[in-house]
Structure formats: C-alpha cells, structure tokens
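Please read the following note alongside the sequence and the model.

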Amino acid sequence: MSQKITSMSFIPRFFGAFGQFFKYMGSGDYAARCSAVGKGEVLAFEAEPKVITKEIEVIREVEVAAPVLDTVNEDGAHQLLQLLQHEARFIDFIQESIDGYDDADVGAAARQIHAGCAKVIKQHFTIDVVNSAPENSRIEVPADYDAKQIKLEGRVEGVGPYAGTLIHPGWKVTSTQLPKVSSTDNLTILAPAEIEV
Amino acid sequence: MSDYFIGIDLGTTHSAVFYSAANTENGAADIKQLPIAQFTAAGQVAERPLLPSFVYFPHATEFLESDMQLPWGKADAIVGQLARELGAKSSGRLVQSAKSWLCHSRVGADEAVLPIDALEEVTKISPAAVTETLLSHLVNAWTVAFPDAPIQDQEVVITVPASFDPAARTITEQAAERIGLRARLIEEPLAAFYAWLADQASWTDALEVNEHILVVDVGGGTTDLSLIQAVEQEGVLGLERVAVGRHILLGGDNMDMALTYHLAGQLAQNGTTLEHWQISGLTQACREAKERLLSNADLADVSVVVPSRGRSLFNNSIKATLTQGDVQQLLLQGFFPEVAFGEQAQKAPRSGISTINLDYESDPAITRHISEFLAQHQAKPTKILLNGGVFNAGLIRTTIETRLRAMLGDVEMTMLTPSHLDHAVAKGATYYAVVQAEGGVKVKSGLAANYYIGVASPMPAIPGMAPPVDAVCVAPFGLEEGSEEQMLPNEFSLVVGESVTFRFFQSQDSQVDSVGKVISSFALAQLTELNPISVQLDAGHYQEGEMVRVYLTARVTELGLLLLQAHDTKSDLHWTIEFQVREA
C-alpha cells in the first residue's frame, strides 16, 4: 500500500456534501465512480501490489565445433631436418639408394650417421622413457589410465584395472632446446648449395 | 658486495664460464656452468656449454643482415661454433689460437697480424683485440642470463697459462678492463689445483710438509706445468706455487694430427692424395676413432671414413683403418715415451727462414718436457694432479702414471683425483674468487721468475762493439700481489722525452735473487730475454732527451700484474714502465 486515506471532520464533511450533490448530479461518470467506491472497491493507490511469478523453462541449443585435424608447426620440422643434415648428413643418406652398396659400406656410413643423429638429439632434446619398469615385467594399469601415455594391446576388454606385460617402455621429451632463429623465412632450405670459389 | 663469483676459463681452443652465488652455505659445491649463446648456423642461435675460441670475419654477401642477430644485438664477426665450421671451409677469414699469440716472442700483442693468412679485403686485427672480442661475447652471454647482476659489479677471475709472461698477463687484464671488467688473473694449473682443494673435506690430511705436487695441464693446444709445495707457515701447513713451466705449444690437437698424418701417409702409399678439406674431415674422424679405441682396449681396429663433400655418402669416400696398435704406438710412445729424469726436450734443427706463425714445439714427448721441467727445479714430486680432456682416456692416464713412476725412481708417488678433467680450471677459478672474498686456504703464488732490467754501462767507444748491458734484478721470484714495493738500492739515469728501448730478462730457474743484484753482461746467456719495450717517456719539466736521476721500484698490483716505476729523485715525477707497450 502506497498511500492511506485519512478521515475528514464533520464541518468540511457537512459543506462538502452540498458540493458533492451537484457534482454527482452533473457527471454520470463521477456518479458511477462514487457508487463503485460505495460498494467497497478500493482506490488504486490503496491496493496492495500483487507479484506474479511464473517459471519458464528456456532450452537453448549451443553448437560445439567438432574436433578437426590441424597441422603442427612446420618450421620446427624443417629446423630438425636442417640439424640432422648438418650434423649427420641425414638427408644425403636417405636420398641416396643404398641398394648398390654392400653391408660393410652401409655399416660404416651408419656409424657416422648414428653418431651425428645422436649428437643432434642429445643437444636439443632431453628424452626419457614413459614407463621406467624393465621390459617384459608385469605392469598394473589403473582403470582411468591416460590413453596418450599408455597403449593397451592384445585382448583389451572390461573396465580395468588391467594387468599386462610391458612390451616397450615408450619415449617422451622432457625438455626441448632448439636453436633460436632470427627469421623463419627460408627454413625450407635444409642445406644451402655449396660452391667453392 | 658482489652477488656472484665468476670464473672465466679463456682457453686456447674453448672458453667456459662458471659461477657461484655469493653467501650460499654450500659455497664451492654450488658452482654452476653458464650456457653460452652462439651461432650454430646462419641466423640460428643455440646455447652451448663451451664457446670455441674462434672468430670468423664473413664476406659482405655471406650472411643476410637478419642472420647476424644475437640475443644481445647484431654481431660484427662470427664467434664460436659456426666460426670454427666456416673457417674449415673458407680460408683467410678465421682467427684461432689467438691466446698463444699473446706471448709470441717476436710479434707484439697489439700488432694486427690475425688472421695470419688473411685475404686482402679482410682487415687484420691484433691478438689483444681478439681476446677482447672473445671476452665481450662471454660477458654479453652473462648479461643476457643475469640482467640484474651486471658483471662489472661481480668478482671475476680469468685464467691464464702459468707460462704467460708479465706482458701477456697485462694484455689480458687490459682487454678485460676495456669491457668494464675488473678481473683477477689466476694461472690455469693453479686453478685446477684449487678445484681439487674445493673438493677436499680436509686437504691437510692429504699432504705433508715439503711435499711437491706436480700439476700437468694438457689442453687442446698447450701443455702447462706447475709445481706446488706444501710448506710450513707459522706452524700450520700452507701451500706455495714454487715453479711454472715454459709455454709449450703441444696438446691434444697434436695427438689427433699425429693420427691424421699417419693415415694420410698410408693413403698416399695407396695412391690417394688428400685435399685440404679431407684432412680436416679425417682429423675429425680420427678423433672419434681414437676415443673409441682408447676407451676399449679389446677393440682391434676402427674404420675411418671421410665421405665426399658431394651429396653421396658412398661415392668417392675415403676409407682407412686405425688399429689399436697404431694408437698405442703413435700416442703412447709418441707423446708419452719412457724417459729418464733430467732428459731434455729435443730441439729439431730449424730451417733458416720460416713464415711468421706460432712457435710450435718440436719435441712432442710430454714426458720429456716434464722431466726437463722437474730437473730444472730439482724437484721430485710425490703427488700428481692431471688436468685436461686428454686424460679422459684411462689408457693415457695409466701410461703417464707408469712413466712418471719410472722417471722418479724410488719416490713414493700418488695420483690425486682431479675434480673434473674438462671443467676444473673454470671451476677452480670460481672457487678462487670465493676464497678471495670469503676466506679459505690460498696457494701462495708470486712471480714465477726473477725479472731483470737491462742497464747499459758507459764505456769508451770501441768500433764494432755496443756498450755492454748488465741485467739488474728488479723483482725477485715469489714477489706477491699486494706485497711491499721493492726499491732498488742504487740510482740510475733515465732518458726522458725521447724514444728509448728497455730490455727485460727473466730467470730460468726458481733461485731467488735479491733486488738490485747485477748479472753482468757476460753471464746474460743464463737468462731468457723478454720482448724489449720501446717507449717515449713524458719529459715533464725536463728537456727532451735529458738524463734524469731516478730510483726504481717494482711491485705486483692487487690484480697480479708486475709494475715498474721510475721515481725522480728531485721532484714528484714518476714514470711507469708498462710491459704491454712492446714492439716486435
């Protein structure tokens, strides 16, 4: 309720009644309003406001993008090939057919390439096994294992935990220290042409 | 107060930086290595533990502007690993072994002579400038890693060969000063010994009074010998460096070369003549083969392959076989033969004229150099400390031990366990910086020889005879840094305002001479003459060319440099005769 009606004393009521008589007689609209009040209707400002609440359920459809295949950064791959060619002549080795050479020749070259590749890997990456248990040992795998780190093979069924034999301990890179480059242009040049002048 | 102690091993072939944080509880145990950013290919920068001490001046078109960007800005010349690789393929642009040039007897350190085979368009620079370039690369690497701890505010120690003469030390010190470093110098074998000390819980238990410790430091290009004696100082055991060897240009690289030329000779007999680039490829392959053979004595032979420079790894490749016998014969017999105590290093007959280059050693036998050194100082060491990557091979370690035992006869000798064969020098330098600041056992190491100045004695003119020059001892053996100024008892006449030449001499043995002792001109042969200094001393209020009566003083500065001063007897004028201003 926003406002209260205060009652009037007798004198203004007595004189007012004559005025009201003519106003009542003169206006049909006014007479109708007075009769409504006489029947006990309250005025708008006297009435208690009524709050109406109504719950509406809104269903909105959110569109989630389906995973798409993305290419990884090619610069890193090119840089690694550069390093392997530089230290181990890796590209030279792969691009040449080894069919015409005997095992001794290939073996001798492989030693050098092995040494060079090992140097590249050691210098730029720290590599560790994923599972440090010895190969062929029995391993317990919990039900909520990380599928990226562990690959179950063989008869895979049920909910786990799973027990199995460690076939390969896996590899992971624990830190990477690749050379910094001042510009990524021309990283596709794995080795420049060498010209002796 | 500095936050870090930094040890810089400014090596002939490689440089390294080690550091330790100040005020740590672990002290010396907490010494870490600083990775050094350097070019590994055009426009590619990687961090490596070592900086090869090579500088390459590229042709204007060889690199794009963007290819020369280092973490601290654009480089003018290529320093480090890429420099060495480029130098192996292109001639006339590479500077190497600059450090050995610092104590060249006929070429001044400020003389622009490097690269020695420079192309016409390449501006030659001086050995001192190369030292500065290498040092500033190391300093920049530090600044990038520790931007909040400027190296200028840290305690820095730089290592120098024990055989460096005062001039070479001064040049190194000044190169450091030009880039804002205030560095102390320490001799490399001594630094290796400090690294050993740092590892000992109680070093006094390991040594006895009057015992001699021989430090054999075989680097890539140099062999450095030092003798340390355990002495009684006021009732407690102290240490004193009593002798250092001369500058021997002989090291691990010579061993690889020996194997290379052996195989090259074999190939030549079969009709294959090697080209220049194949020699360097063969050296690389021999180094790897040597390491495999030395680490496994059961391995009979290793094939050495030098692939062609073209894209095929198989066509035109050169194959040879290095046998276990070759390695043992060439390296162990060639470099570590059995010698008797006192045997002298052999001098090969020299050709009358040769190109200006480093004075490489003619006798490759390291054991013979050791024997000569020990006999000269009449010491029979009972403890041996080895240092240098060469001794990573167990076979070489046991061989030198056997040879030393045979040489020293019935003396009971122990091999000390080195801290680390490759990094001991920089580690020891860092530990020395810690000792300087926070206290600890110090090895007393003053001047390594007596130093003399040439004084002309007046005589009536005789045709065909220059006035004789006597040598007067100005600084005695063992004179220490910070010790009192030594004053010569007699006065001399000094020519000022006119270009004059000073001659300097150094004793060959460790017999202490008193200051002012005169070695007459007839006995000068027993001394080694150092580079003469040609200098014009400021005349002050005197007439140019006037003879001034002076007294001479000598002292070793707190940085370990020998300083000679002439003081006017009648005024406050004094002249400093600096060792670095020398002329070829």
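**Note on chains A and B**

1. Chain A has a radius of gyration of 46 Å, whereas a compact globule of 197 residues would have one near 16 Å. This quantity is taken over C-alpha atoms, and the globule rule is 2.2 Å times the number of residues to the power 0.38. Along the principal axes, the C-alpha atoms of chain A fill a box of roughly 135 × 60 × 30 Å.

2. The model is predicted: local features need pLDDT of at least 70, side-chain atom pairs count only at pLDDT 80 or more, and totals for chains, interfaces and linings use all residues. Residues are numbered from 1 along each chain as its sequence is written, while chains are lettered from A and ligands numbered from 1 in the order in which they are written.

3. Of the 197 residues of chain A, 6% count as buried, that is, with 20 or more other C-beta atoms within 10 Å of their own, these atoms being placed from the backbone.

4. Chain A contains five helices and five strands, in the order α-α-α-α-α-β-β-β-β-β from the N terminus. Helices (H or I, at least four residues) and strands (E, at least two) are DSSP runs, numbered from the N terminus.

5. In chain B, four strands form an open sheet in the order 24-30-31-32, with antiparallel pairing; two strands pair if DSSP finds at least two bridges between them. Strand 24 (486-495) and strand 32 (574-577) of chain B are at the edges, each with a single partner strand, so one side of each lacks a neighbour in the sheet.

6. Within chain B, strand 30 (residues 547-556) and strand 31 (residues 562-568) run antiparallel and are joined by seven bridges. B:Thr553 has B:Gln565, in strand 31 of chain B, as its bridge partner.

Definitions and conventions:
Buried ≥ 20, exposed ≤ 12 C-beta atoms within 10 Å, placed from the backbone.
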